[in-house]
Amino acid sequence: MSIERVREYFRPLGMEERIREFSVSSATVELAAVAVGVEGARIAKSLSFKVDDQPIIIVVAGDTKVDNSRYKAYFHTKAKMLTFEEAHDRIGHDVGGVCPFALPEDVKVYLDVSLKRFETVFPAAGSDNSAIELTCEELERCASNFVEWVDVCKGWRPEEQQA
């Protein structure tokens, strides 16, 4: 079970007890926000893509969408999400519980700057009914195969809200 792998991943860090499991689904931003009791923007969505046939995860704030032009400018390819089956096979977590923890070595993790607006955020913890509260610094430190912070999302900046 994926959540057990994530729990084991956090055990050496002394953080496994911070994982919260819910009696309800937290598979979408909206459901996770209700389960956790926070605004949806603070839910850290882990989106899985393919770049040069390699899986990557970009963790973004719950109120954002990937901006295709920003994505292409950074990754030099069109945004192509993994299928449900590819996520299961290549990431090791099922859609709804995809997270940046306990990943295979070839899965690189990027964090989007949209998360930095918040003191803490809530990524999933390997299942569709779990989350862990982390600061952005903890998220960066704990994410498997972290590469760097990126700016590939839209819809969260104040100037974008004016339209």
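The side chain of Ser26 has a polar atom 3.5 Å from the backbone nitrogen of Asn129. A polar contact is a pair of N or O atoms within 3.5 Å; within protein, one must be able to donate a hydrogen and the other to accept it, and residues adjacent in sequence count only if both atoms are side-chain atoms. The model is predicted: local features need pLDDT of at least 70, side-chain atom pairs count only at pLDDT 80 or more, and totals for chains, interfaces and linings use all residues. Residues are numbered from 1 along each chain as its sequence is written, and side-chain values use heavy atoms, with hydrogens and water left out.

- Ser26 sits in the loop between strand 1 (19-21) and helix 2. Helices (H or I, at least four residues) and strands (E, at least two) are DSSP runs, numbered from the N terminus.
- Ser26 is buried, at a relative accessible area of 7%. Buried means under 20% relative accessible area, exposed over 50%, and partly exposed in between (1.4 Å probe, protein chains only).
- Not counting residues up to four places away in sequence, Ser26 touches Leu31, Ala32, Ala35, Gly96, Asp128, Asn129 and Ser130. Contact means heavy atoms within 4.5 Å.

**The largest pocket**

- The largest pocket has a volume of about 410 Å³. On a 1 Å grid over the protein atoms alone, a pocket is an open set of points where a 1.4 Å probe fits, with protein on both sides within 12 Å along at least five of seven lines. Grid points are joined across faces, edges and corners, and a volume is the space filled by probe spheres set on the points.
- The lining of this pocket has 26 residues. Lining residues have an atom within 4 Å of a point. Ala27, Ser46, Leu47, Val95 and Gly96 lie nearest the pocket centre.
- Helix 2 (29-36), strand 2 (43-51), strand 6 (120-123) and strand 7 (130-132) are the elements that give two or more residues to the lining.
- Strand 2 supplies the largest share of the lining, 6 residues.
- By class, the lining has 17 nonpolar, 8 polar and 1 charged residues. Ala, Val, Leu, Ile, Met, Phe, Trp, Tyr, Cys and Pro count as nonpolar, Asp, Glu, Lys and Arg as charged, and the others, Gly among them, as polar.

- An open sheet of 6 strands runs in the order 8-6-2-3-5-9, with mixed pairing. Two strands pair if DSSP finds at least two bridges between them.
- Strand 8 (134-135) and strand 9 are the edge strands, and each pairs on one side only.
- Strand 2 is largely enclosed by the rest of the structure, because 8 of its 9 residues are buried.
- Strand 3 (residues 54-61) is also largely enclosed, because 7 of its 8 residues are buried.

**Strand pairs**

- Strand 2 and strand 3 run antiparallel, joined by 8 bridges. Lys50 has Pro55 as its bridge partner in strand 3.
- The hairpin of strand 2 and strand 3 has 2 residues between the strands, and Asp52 takes a positive phi near 50° there.
- Ala44 has a bridge partner in strand 3, Ala61, and another in strand 6, Pro123.
- Strand 2 and strand 6 run parallel, with 2 bridges.
- Strand 3 and strand 5 run parallel, with 4 bridges. Ile58 has Tyr110 as its bridge partner in strand 5.
- Strand 5 (residues 108-112) and strand 9 pair in the parallel sense over 4 bridges. Tyr110 stands opposite Glu148 in strand 9.

**Val152**

- Val152 lies in the loop between strand 9 and strand 10 (153-154). Val152 counts as buried, at 0% relative accessibility.
- Leaving aside neighbours within four places in sequence, Val152 is in contact with Ile58, Lys65, Val66, Asp67, Arg70, Tyr71, Tyr74, Phe75 and Asp112.
- Val152 and Ser25 are 127 residues apart along the chain, and their C-alpha atoms are separated by 27 Å.

**Positive phi in loops**

- His76 is not a glycine, yet has a positive phi of about 60°. His76 lies in the loop between helix 3 (68-75) and helix 4 (84-91). His76 counts as exposed, at 67% relative accessibility.
- Asn145, a residue other than glycine, has a positive phi near 55°. Asn145 lies in the loop between helix 5 (136-142) and strand 9 (146-150). Asn145 counts as partly exposed, at 26% relative accessibility.
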